[in-house]
Amino acid sequence: MAQQLAIIVLVDVGNALESRTLTGNTYLFDNMKLQGSLNQGTGELVTAINGAYWSDGSQAGEQVLNWLPYSLGSIPPTVPRGYHTIRAREAEKEALAELATLTEKPGVANGDTEAALARIRKTVGTRVNGTSRARALSGQRVLDITGRVVSDHGQNTHNYPAPVITDIFGEAVDEKVIYPAEYGSPDLVTDGWYWSATIDTSRPGTYSYKMRIQLHELVQRAGDWTWEPVNLTCESKLRITAEPKRNGFTGAGMGYLPIAPAAFG
């Protein structure tokens, strides 16, 4: 059976958008540190992939690699799927209550009314339009990193949408060492989609690959706020080694576990 390996792609979205590069703004982790992966938590990760071989040298099976992108300093991806909608509705209910209170006050001065309406607009926040390339984000309210609806869109005051991997390419793909594809999944944390690849472990060596990652920037166009997609790339490496498949308990070849005779007494 193929072994499931995972790479977390953590992106500092705010700094990446400001500098227009993922270099120095991407932190990669995998679950193969004990197997020899190098440079964990940096943009220079080299993922160790031990070839799945039997003791006679025959290939036991492919490894499977999964990539999961996340945004640094944003709302955790583990919150309920309808979290944005819930917070937006709470803000709208609060704004409606404030509006009802305002209309019930007799003889309110114009200046007081304008100030009250400004507070209500701030409470309800801003609804953002999505471009044709970001329809999924259309109509959402802008939230800050604590999950509160905001109307101030200054630098680093709002929560960025999660990064999206749109392609995996480069040397490892061209050399047919990995076969990446986007797959559907019932896992709602990844919005039902994730990138995965089977790895040909019969090809020992170090291979580089690139990820095309789409970020979203909040910009104002013709008076409306819009999430504009920004496409950037980053590089990582895989190091495939040819080693026989071993028993994780004994470190020896595959076979029965040694059991002391006393265990049968």
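Analyst: What follows is a set of questions about a predicted model, with each answer setting a value against its cut-off.

User: How do you know that Arg20 and Glu217 form a salt bridge?

Analyst: The closest N and O atoms of Arg20 and Glu217 are 2.7 Å apart, and a salt bridge requires a side-chain nitrogen of Lys or Arg within 4 Å of a carboxyl oxygen of Asp or Glu, so the pair receives that name. Arg20 lies in the loop between α1 (13-19) and β2, while Glu217 lies in strand β10, so the pair ties together parts that are 197 residues apart in sequence.

User: Why is Arg20 called partly exposed?

Analyst: Partly exposed covers what lies between buried, under 20% relative accessible area, and exposed, over 50%. Arg20 has 42% relative accessibility and therefore counts as partly exposed, and Glu217, at 22%, counts as partly exposed as well.

User: How many salt bridges are there by this rule, and what makes the pair Arg203 and Glu175 one of them?

Analyst: The count comes to three salt bridges. For Arg203 and Glu175 the N to O distance is 3.8 Å, and because the cut-off is within 4 Å, this pair is included. Arg203 is in the loop between β9 and β10 and Glu175 is in the loop between α4 (171-174) and β8, so parts that are 28 residues apart in sequence are tied together. Arg203 has 26% relative accessibility and counts as partly exposed, as does Glu175 at 40%.

User: What joins Asp167 and Arg212?

Analyst: Their side chains meet in a salt bridge, with 3.1 Å from N to O. Asp167 belongs to strand β7 (residues 164-169) and Arg212 to strand β10, so this pair ties together parts that are 45 residues apart in sequence.

User: Why is Asp30 said to have no salt bridge?

Analyst: The nearest side chain of opposite charge, that of Arg239, is 8.8 Å away from Asp30, and since a salt bridge needs the atoms within 4 Å, Asp30 has none, although Asp30 is buried. Asp30 is found in strand β2 (residues 26-30).

User: What makes β2 and β8 edge strands?

Analyst: The open sheet of five strands has the order β2-β1-β4-β9-β8, with mixed pairing. Each of β2 and β8 (178-184) pairs on one side only, and these two are the edge strands. From one strand to the next, the twist averages 25°. Within this order, β4 (residues 63-71) and β9 (residues 193-199) run antiparallel and are joined by five bridges, and Gln63 stands opposite Ile199 in β9.

Conventions
Residues are numbered from 1 along each chain as its sequence is written. This is a predicted model: local features need pLDDT of at least 70, side-chain atom pairs count only at pLDDT 80 or more; totals for chains, interfaces and linings use all residues. Side-chain values use heavy atoms; hydrogens and water are left out. Helices (H or I, at least four residues) and strands (E, at least two) are DSSP runs, numbered from the N terminus. Buried means under 20% relative accessible area, exposed over 50%, partly exposed in between (1.4 Å probe, protein chains only). Lys and Arg count as positive and Asp and Glu as negative; His and the chain ends are not counted. Two strands pair if DSSP finds at least two bridges between them. Axes are lines fitted to C-alpha atoms, for helices over the stretch in contact, and angles run from 0 to 180 degrees between N-to-C directions.
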